[in-house]
Amino acid sequence: MLHLAVRMAGHRIAALLAVACAVLGGAALITGTGILAESGLRSELPAGRLAGADVVVSTDQSFHPAGDLPIALPERGTVPAGLVGRLAGLPGVTAAVGDVSFPAAVIDAGGRVVPTQDPRAAGHGWSSTRLLTDPDVAGAAPAGADEVALDRATAEAAGVRVGDEVEVVAAGRSAAAYRVTAVVGAPDAGILFADPTAVRLSGRAGGERAGTVDLVGLRTEPGAEAAVAAAAREAIKDAGADTGTGNAGTGTGTGNKDTAATPGTDSSTGTGTGADSGTGTGTGTGADTGTSSGTGAKLIASTGSDRGDIASPGAGASRSLLILLAGSLSGIIMLIIGFVMASALAVSIGGQRRDLALMRAVGATPRQIRRLAATQATLVAAVAAVPGVGLGYLLAGQFRRMLVDREVIPEALPLTYSPLPALAAVLLLGLAVQASARGAAWRTSRRPATEAVAESRSEPRTPSRLRARAGLLLIVAATTLSAVPLLNRTVLGAAATSMAGIIGAIGLALAGPALVRGIGDAAARRLRPGVSAPTWLAVANIRGYALRISGVVSALAMAVVFVLTYTLAQTTVMSATAQDTRTGTLAQQRLSAPGLGGVPAGTLAAVTETAGVRAAAPVGDTTVVWIHDMLGEPQAEAGPAMILTPAASKVLDLGVRDGDTARLTGDTVAVSSEVARSAGVGERVTLVLGDGSRVRPEIVAVYDRGLGFGQVVLSRDLAAGHTTAGLDQSVLVRTDGTDAARRALTALAASRPGLVLEPTDTGGGESLGDAPATVWINLATIVVLLGYLLLSIANKLVATTAQRRNEIAALRLNGTTPRQVLSMMRREAAVIGAAALGTGVLLSAIPLALLGIGFLDRPWPAGPVWLLPVVALTVICTAFVTVELPTRQALRTAPAHALSARE
């Protein structure tokens, strides 16, 4: 069987080339997607400044929903400071350091902010240098409240040395002068203060985070890392797995007060405020201000590569994005690959129907025929999969580079390369090839030998009714799916538009032969007497070879549907988001301080006192996980959330339909109308905040502009103590609209280092030039998939035309001139291109119209006007070029030689 498959493949190079291209591209796409998914699950971040700590105790920076993948949490949690002393007493521990982080930035001599890796957490206590592998300190530790140490990169960028004075903005305070006492050679060591100063600046001396540290780093004796980690986990378990985040609320467990180490110092010398931790299943006395029902994240002990997630929670959260990207791409990639694979194998095996029928006539069983077809296809796939897998690894690397350049993931997050994606690609493609090849050979293998031989040079007279009905059902299902944007005005709802288009195109492929036969019959009835021979022949071919024509038409229609629905879905969502944001933003100006980690304290008061300012309100952002029931099962969805005060209603109009955002105080939230389907005003919802704290705030408002402002808005009181920086990220300012007010705000920003003033309405947001990084990623994905789709379609058209060389030779022997043959083929190409374009546009029209109604309140989407003409030109050119060139090649061969040559 193997020898026979190889010999048959040698005479079908053109058709099998289409199969090889489909497999090669499919292997590259599946492998690349698999690498992204595996990297999201297994990628390891460098430990960074925690590399010197063998064991790190911190809150779990992931939320673990039941039956689903973990959701990364970007906000830094807190650990009771009392654990520092307890962990320091564990056998094998040589040092235990409680580390704190807070916003800090250096101002150079020119009044510019010196950039740091993460200004929200650049400030630390001096004792945190014990967490570094090699501090390489030049100078002495800062001791006074006006002394500071800098890492080497920051010192060089600021142009200062040991003994110089430098201005530092720390924890939202005004810029103050500090004397540089040391320069630390370790990279990303940060801006280091005396430990008591760090405690005060980080808010650990009082307030929401009193008596806590961000994490505890443990240095161990050589070889004792595993034993210390196990002992630390037991100590955490004994102290209570959950840390309290209640508003002075007492947990149900028994409080057990320990003497805490001063945050930021070695526990062997420090004493300070004690922190309660529950010894039962409940929470201890909470130090963080939140809600009375709040519950903190579980404490964990991390070693090895797991320390990277703790060192950079924000970077760790980017890993989840890789999983989401791979998940969103996998569905459409598999659909397109399956479609292309089945089409290519249908052409290849369709060209061998006579050989297979003759084998049936000499005694081959139906199972042997199907096995022969599958073996031949598997051989070709095996050859093409090898370079395809290699290309997939290169493609994944380039995709990561694009994500880094667009600042979607950090540079420090590497990809994980292993054989698993390649094995998955080979397995999936092998199954697809086997199923497609056996399906393509099914009819020939099941027909009686005489009927199979008789049918080998023609197509069935009547297209399969079952196939046509299945295709029409898929088209109806796709139309039904198109209604999702009317019910769900979210990015997920818009994704249904693209999926509906692809499903409709698959339905067209199934129902295509019946539709093409009907079109051909209608055209034949309307032919005028005396019509030219090429036109008559073209119509006859359409009627007689509906299966062949429909396969080409459906493939090109798939490309049209894919480009239109995917591109216009992205641009429509982008336009609707910009429209929501533009309409809902009443403020004309925005003040922010990205280089400082947040807007310094006192900025809001200074803004409100500026001449011409009518209203101003602070705005923050964080991440929340919304937990709700779906069909009786708990579901968790993560997304960004704004942090607002009651004054926000003067600068933002969220489109409130129920309740009032002026009530955003205490443990309250406002939710979008999408979230409000499961809970309304006055009810409570379960949320997990960005640091892992679980809360049940009350809904005080429901708004419509969730696309532009997010699905959840937290009150400032609720978010207090649960963000890494603890500062507002911007201040929205509504003025009287005069130039004097703008100049006054400009002067205010110039007088305070690090402040940036920008207009809220830049006049963009709807063009591709203003598109966010995620849109560009999706568009790049569309280009790659379109290239694969067009290449596969072109190969299929070339193979289909090449298989007609005997037909062309017979026409020439019957007196048809080469010019007439070319004219006939061009007419067929015109019919193919027009039918593909028409059906593709029709299949896209309903999903896109419903998308426009749901998102923009109009029956058409938003997007570039040149897209449809470019798609039409591409389809027509593809049809003509891939038909014209093989036809000219066939015409160069003498008819008698073409008929006598083996196929």
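Leucine 394 is exposed, because its relative accessible area is 60% and exposed means over 50%, buried under 20%, and partly exposed in between (1.4 Å probe, protein chains only). Leucine 394 sits in helix H10, residues 366–405. Helices (H or I, at least four residues) and strands (E, at least two) are DSSP runs, numbered from the N terminus. Together, Leu24, Leu391 and Leu394 make a nonpolar surface patch of about 270 Å². Patches use residues with over 30% relative accessible area and no salt bridge; like charges are joined within 9 Å, nonpolar side chains (Val, Leu, Ile, Met, Phe, Trp, Tyr) within 5 Å.

This is a predicted model, where local features need pLDDT of at least 70 and side-chain atom pairs count only at pLDDT 80 or more, while totals for chains, interfaces and linings use all residues. Residues are numbered from 1 along each chain as its sequence is written, and side-chain values use heavy atoms, with hydrogens and water left out.

Now take the whole protein. It has 27 helices and 27 strands. Of its 903 residues, 53% count as buried. The protein exposes about 37,400 Å², and carbon and sulfur atoms supply 58% of that area. Accessible areas come from the Shrake-Rupley method with a 1.4 Å probe; for residues, only the protein chains shown count as cover. Contact means heavy atoms within 4.5 Å. Among contacts between residues at least 6 apart in sequence, 81% join residues at least 24 apart.

Next come the aromatic rings. Rings of Phe, Tyr and Trp (its six-membered ring) pair if their centres lie within 6.5 Å; planes under 30 degrees apart count as stacked, over 60 as edge-to-face and the rest as tilted. The count comes to four aromatic pairs. Phenylalanine 102 and phenylalanine 193 are a tilted pair, because their ring centres are 5.5 Å apart and their planes lie at 45°. Phenylalanine 102 is in the loop between strands E5 (93–99) and E6 (104–107), and phenylalanine 193 is in strand E12 (residues 191–193), so the pair ties together parts 91 residues apart in sequence. Phenylalanine 102 is buried at 2% relative accessibility, and phenylalanine 193 is buried at 0%. Phe102, Tyr178 and Phe193 form one aromatic cluster.

Serine 128 lies in the loop between strands E7 (123–125) and E8 (137–139). Serine 128 is buried, at 4% relative accessibility. Its side chain makes a polar contact of 2.4 Å with that of aspartate 99. A polar contact is a pair of N or O atoms within 3.5 Å; within protein, one must be able to donate a hydrogen and the other to accept it, and residues adjacent in sequence count only if both atoms are side-chain atoms.

Charged side chains come last. A salt bridge is a side-chain nitrogen of Lys or Arg within 4 Å of a carboxyl oxygen of Asp or Glu. The whole structure holds 21 salt bridges. In one of them, arginine 152 meets aspartate 136 at 3.0 Å, N to O. Arginine 152 is in helix H4 (residues 152–158) and aspartate 136 in the loop between E7 and E8, 16 residues apart. Arginine 152 is partly exposed at 35%, and aspartate 136 is partly exposed at 38%. Arginine 400 is buried at 12% relative accessibility, whereas glutamate 411 is partly exposed at 47%.
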